[in-house]
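Good morning, and thank you for the time on today's agenda. I would like to walk through a few places in one protein model. Please keep the display in view as I speak.

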Amino acid sequence: MSDQVSDPTDPSGSNTKDQTGQKTLNFQGKTDQYASRLINLQRIQQKKQAVLSLPYNKKLLKLAVYSKCQAEKCDCIGWKRVDSNQQNPTFTDPCRCEHLLEMHISHLVDKPEQELNRLLSMVVDVDNMYTAMSKEENQETHKVYLYLFRLLRKCVLTLDKPVVEGPLGQPPFQKPSIHKAVTNLLIYKFSHISQQELKTMYELVKILFHCLNTWDFPCPSSQKHIVSQEEAMKYKIEYTRWLVFCYVPTFCDSLQHFDTTMVFGRTLLRAIFKYIRKQIMDQFYRERDTMPSDRRQFLLTNFPPFLSQLDEEIYASNSPIWDPDFKSTSLHFQSLLDSRLRGGAGTSKKTEFEKVTLGHSDREGFTTTSLNTTKTARTSEMPIREAKRRKFASEDHFEDIPKETVAEIIATIDDPNYMTGPDMVFSEDASATDEIPKLEEQQNIIQLHVVGNSLTKPVAKQTMLWLIGLQNVFSHQLPRMPIEYITQLLFDPKHRTIALIQDNRPIGGICFRPFQTQGFTEIVFCAVTSIKQVKGYGTHLMNHLKDYHISKGILHFLTFADENATGYFEKQGFSKDIKLNRAVYQGYIKDYVGATLMHCELNPKIVYTEFTSMVRKQKKFVKQLIYQQQNNVSKVHPGLTFFKEGVRSIPIESIPGIEETGWKPASRATRGQLLEESQDADVLAGLLKSVLNSVKNHEDSWPFRQPVDRHVVKDYYDHIKYPMDLKTMSERLKSHYYVSRRLFIADMMRIFTNCKFYNLPETEYYQCAENLQQYFQTKMKEIGLWDK
């Protein structure tokens, strides 16, 4: 019994099998099989085109063979020649039903040729289905082919369009689809990585989608690893749907075709992923010697880790990527993924798998990048927008301190007897807020554990005892909070608590609920027993909580704080200025009457449990650096004697020691400044107007002529706080706002800066900003108003 569907586009109609009955690949592998299928699909299309190009009468003669006799009380469903030796039938030739051939096509004579072509295309599909049935050995697949054959045959008779009805249902069969879930995976796991790494991910996902959309799946009877009867039945249904809606329509285009990744979800992927994964990797390893070296390194380095990540999410019990309500925290990032991946989800003339084996790529010069970037390197976890914001914000450049100086200062401040400047008189030996808890943790006097309840897995007795102890701590320290409510949230499996343990008893904790898909966590309760307060335990708890969430990729905290708690949260970096988009958290967090919503954004480059000691060390470093600099400049220079010699004035920079203090001469007026200062407002406005008109008429100005429509680009104003456009600049020019060229330049450069901040470098908008900025600077230089 065959373990694969038979392919009517395969002239041999058979697959090579090994001794176990599993399908094996010949020397050329799946690449040649797929190339052969494409060739045979082209032959089917060529056959259809040949039939559709027949003269009108010959089209009718061919349709007669599949059309019902229109004579009264005749049940004949297709013209059949009486004389088997007859080669060229005519409209007057009799059928075995004793009626003439023309009685089989009388109802088609008045039909438009477009309708005849549709029917003829269905006739070719009927022939293809018959070929598939005759080759198919597997009974399950044969039944599906028989059903579709009868459906197409019936539709030729009734002139209807073929529609699959019955218990299979209609696509899409499950939400989210495979396509959506994998897109969610990129947002969930990889939204922080660099643009180059994202390009790598796009390509890997497109390869996976191509394989899922074009490769054959094993029939249910060959899936021996599926032990559960329920799982076997589920896969049988999914396999039948795949045959009907995805596989057969590739060679019978009278049936509507759907991409597997767009209409199937987790159920099918769970059943076939391990099979597909093994096939993909076996194929890559088999053909690695024929690939270009850079292509081989790219695939064999990056694809296995990516498939492992996906495998983990497919079989996890509570993976958020399969949540139908999964929401991206950046609509722009979501739309970017959709636009990129939809282009690669289906098939194309040059398939992604062909590019894999032949060594082609959608882009040139890409760099192979490891996927192990999620938890080990915090420096890579900064979101793209944040990195770009910092790049634009840091326009000043400073000289680095020599390494020798750094080493000398560190050695000095690490000296136990170190004191400098005012510290010699006024010591600053007071320990940091969390210094004592950190020391106690190192000595194992206290421990911190993240604990929570579960309804699906056994919970350790110790965990339950700690949860009960935390219930007592919260109920005593938060008397206005009902104990039933505390108990409900504390023991809710969706909530977690970081517990501060001393002598095996909880003395404090922070209860929180993470919303992984939204990218934030709600802090519900926070308390330390009264006798342990004012010792830094609260700060130590919060710092551990921050480090824990950074390791999980969550960079935002939200909490409702009452009047007694706002001071604590402000000290921990919380603010009443909510920087998260309201749509991200609205409907997710619990509202509390009389409390203030506060927000804290985490910096993934900071280790918060080391933050205070690091800041103190940096402070000492700066003070020692200043102290050394003061010693260097604290030199007594002789008085100036120039004036006794009759000199009336000298340049300031010639005063001995002045530059060592950090003084710099003021920059001299430039040509642009002199020109600007020598003109009145009307002349300056005329010059600026000429430049503005030239910019507006430039071919690359089209994205900037009007303000960005917030209804079209919904998250634009969440990221761009100071928008600017050419229309607004024109209005400002008319109202005499630009009293100096610098105001004009600032607004124009704001347009380009905003565009480059919001859009990725490979986009058309980014390129327009680059080109237009160069043109603007050129025009300003032409009239002498540019001195940069």
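Predicted model: local features only at pLDDT ≥ 70, side-chain atom pairs only at ≥ 80, totals over all residues.

Gln-572 sits in the loop that runs between helix 19 (566-571) and helix 20 (582-585). Is Gln-572 buried or exposed? Its relative accessibility is 6%, and buried means under 20%, so Gln-572 counts as buried. Which residues does Gln-572 touch, if we leave aside those up to four places away in sequence? They are Thr-539, Met-542, Lys-546 and Cys-600.

Let us turn to the second largest pocket. The space in the second largest pocket is about 1,400 Å³. Its lining is made up of 44 residues, and those nearest the centre are Cys-526, Asn-564, Ala-565, Tyr-568 and Phe-569. Several elements give two or more residues to this lining: strand 4 (520-528), helix 18 (537-551), strand 5 (556-561), helix 19, strand 6 (596-601) and helix 21. Which element provides the largest share of the lining? Strand 4 does, with seven residues.

My last topic is the surface. Leu-640, Phe-643, Ile-652 and Ile-655 make a nonpolar surface patch of about 320 Å². One of these residues, Phe-643, is found in the loop between helix 21 (611-633) and helix 22 (671-677).

Thank you for your attention.

Note on methods. Residues numbered from 1 in each chain as written. Heavy atoms only, no water. Patch = residues over 30% accessible without salt bridge, like charges linked within 9 Å, V, L, I, M, F, W, Y side chains within 5 Å. Areas by Shrake-Rupley, 256 points an atom, 1.4 Å probe, with all protein chains shown as cover. Salt bridge = Lys/Arg side-chain N within 4 Å of Asp/Glu carboxyl O. Helix = DSSP H or I, 4+ residues; strand = E, 2+ residues; numbered from the N terminus. Buried < 20%, exposed > 50% of the residue type's maximum accessible area, 1.4 Å probe, protein only. Contact = heavy atoms within 4.5 Å. 1 Å grid on protein atoms, 1.4 Å probe; cavity = no way out; pocket = protein on both sides within 12 Å on 5 of 7 lines; lining within 4 Å. Points joined across faces, edges and corners; volume = space filled by probe spheres on them.
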